[in-house]
Amino acid sequence: MDLTLKVWRQNGPQDAGRMETYPVSDVSPDMSFLEMMDMMNDQIIRSGGDPVAFDHDCREGICGMCSMFINGEAHGPNRGTTTCQLHMRSFKDGDTITIEPWRASAFPVVKDLAVDRSSFDRVIQSGGYISVNTSGETLDANAIPVPKGQADDAFSAATCIGCGACVATCKNASAMLFVSAKVSQFALLPQGQPERATRVQRMVEQMDKEGFGNCTNTGACAVECPKGIDLSNIARMNRDYLSASALEE
Amino acid sequence: MALTGLFLCLFLVGHLAGNLQLIFITGEEGQQAFNEYAQFMTTFPLVKILSYLTYASVLFHVVDGIVLTMQNRKARPVGYVKENGAANAKWASRNMGILGTIILVFLVSHMQSFWYTMHFGDIPMHNGLKDLHTVVLQFFSPENSLGLVAVVGYVLAQMAVAFHLSHGVQSGFQSLGVRHAKYTPIIELSGMGFALLVPTLFAIIPIFLYITQL
């Protein structure tokens with residue numbers, strides 16, 4: 001396959017940045033998108049240029065590091081996959097592919113396609129945990145009965161890998177899907193109940209502080225989410241937040 | 001947005017019920033009935049309270065919409081070179097601001113035509129009542145040089161309302177956290193039905209008035 005890549009290049013956070021075009025040839029349809037990016041970088045390095053910086057780690061869809069906006073969609077055109085799970089067979093010979101970083105003021109560009117997603121970490125730090133006494137007498141989690149449906153929903157929420165595709169996709173750069181998944185995974189389990197009200201309030205407050213946009217329920221986040229996080233999590237968070245605010249003493 | 005939006009949906013139902021008198025009761029009897037209704041709607045204290053609540057809801061819905069849109073713009077200062085919004089969200093959900101602006105422009109013109117005339121304008125009298133019925137009929141009349149423009153404008157505005165509601169109704173429930181695997185499909189279906197039915201019935205009225213006066 002011969003492709004034309006239009007890639008966002010930005011030297012650093014202060015640089016204005018621009019799109020640059022790189023032709024790549026002999027791309028195998030069996031390559032993953034990141035392998036194709038490696039190939040492009042190899043060409044750039046051989047010609048004495050600065051390779052394109054992009055985030056990646058596990059390359060098997062579980063770490064949430066890869067973060068490319070490909071042809072106008074987070075993680076490219078396929079559903080339920082991260083960029084590393086996207087293969088070149090999803091494109092045609094002769095295609096022009098536009099590759100951009102996640103765009104959000106809460107995700108500032110570090111360099112080229114790599115963005116700083118530490119705003120997600122700060123949202124987690126604000127309340128995305130349960131306080132457990134680790135004196136050695138901690139109750140075994142499996143000893144606490146949890147209804148099957150609730151356990152499944154909590155597990156589904158917990159599959160969020162924090163990649164930020166929801167924010168990147170949302171026309172408002174809202175982080176509601178991410179935050180609601182992190183709120184829900186505890187709100188649905190007995191261990192999460194003691195801090196349920198304060199957790200949702202703190203995490204929403206931190207989310208707003210980070211400068212994410214507002215949710216207008218377009219549902220784009222759930223469509224583009226590589227882990228299929230459901231919109232019901234957002235409704236649950238809205239519900240919890242409303243009741244926590246209303247009942248606050 | 002959700003609370004005021006859903007409240008305004010209720011207002012639409014009430015407004016529609018009143019307007020439908022223009023179709024279902026015609027002639028002298030219809031004129032009397034509609035004018036009595038208009039008199040009641042502008043003077044009865046409980047309706048007055050409801051109308052102030054409606055003005056406040058419209059105002060809040062508009063101002064909040066603008067504030068949220070500004071925050072959302074700030075949340076993404078640099079946009080994408082290529083963005084395929086159609087791949088993951090419906091057109092109406094992505095253009096609520098534009099649709100809302102069209103509705104607001106219509107609302108200003110609509111209130112100037114009828115609400116202002118009824119409250120402060122130079123309005124003819126009929127049997128001791130302000131004759132809003134004649135004002136409406138003349139507004140959507142072929143004898144009025146702008147009658148056809150008024151009908152077309154009204155119908156287009158109702159289309160904007162339809163698209164706005166097609167996203168707005170279910171979105172309002174979602175924002176309030178009202179979601180359940182069993183009931184959400186019903187809410188979504190009813191929302192779409194509401195979005196289709198209410199503006200269609202509104203739009204039929206000026207078309208009917210225009211045609212019957214040909």
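Trainee: In which order do the five strands of the open sheet in chain A lie, and what kind of pairing do they have?

Mentor: Residues are numbered from 1 along each chain as its sequence is written, while chains are lettered from A and ligands numbered from 1 in the order in which they are written. This is a predicted model, in which local features need pLDDT of at least 70 and side-chain atom pairs count only at pLDDT 80 or more, whereas totals for chains, interfaces and linings use all residues.

The order of the five strands in this open sheet of chain A is β2-β1-β5-β3-β4, and the pairing is mixed. Here strands (E, at least two residues) and helices (H or I, at least four) are DSSP runs numbered from the N terminus, and two strands pair if DSSP finds at least two bridges between them. The edges are formed by β2 (18-24) and β4 (73-74) of chain A, each of which pairs on one side only.

With β2(A) it runs antiparallel, and seven bridges join the two; one pair of bridge partners is Thr4(A) and, in β2(A), Pro23(A). With strand β5 (residues 96-100) of chain A, in contrast, β1(A) runs parallel, through four bridges, and there the bridge partner of Lys6(A) is Thr98(A) in β5(A).

Helix α1 (residues 33-46) of chain A packs on the sheet and touches β1 and β2 of chain A, its direction making about 95 degrees with that of β2(A). Contact means that the C-beta atoms of two residues, placed from the backbone, lie within 7 Å, and the axes are lines fitted to C-alpha atoms, for helices over the stretch in contact, with angles that run from 0 to 180 degrees between N-to-C directions.

Within helix α1 of chain A lies Met37(A). Met37(A) is buried because 24 other C-beta atoms lie within 10 Å; the cut-offs are 20 or more such atoms within 10 Å for buried, 12 or fewer for exposed, and anything in between for partly exposed, with C-beta atoms placed from the backbone. Leaving aside residues up to four places away in sequence, Met37(A) touches Val52(A) and Phe54(A), and its C-alpha is 9.8 Å from that of Ala53(A), a residue 16 places apart from it in sequence.

As for the setting, chain A has eight helices and seven strands in total, and its C-alpha atoms fill a box of roughly 65 × 35 × 35 Å along the principal axes. Of its 249 residues, 45% count as buried. Among the contacts in chain A between residues at least 6 apart in sequence, 69% join residues at least 24 apart.

Chain A also meets a partner: 34 residues of chain A are in contact with 27 residues of chain B. On the chain B side, the elements that give two or more residues are α4 (45-75), α5 (91-94) and α8 (147-175) of chain B, and α4(B) gives the most, with five residues. For the complex, the predictor gives an ipTM of 0.92 and a pTM of 0.94.
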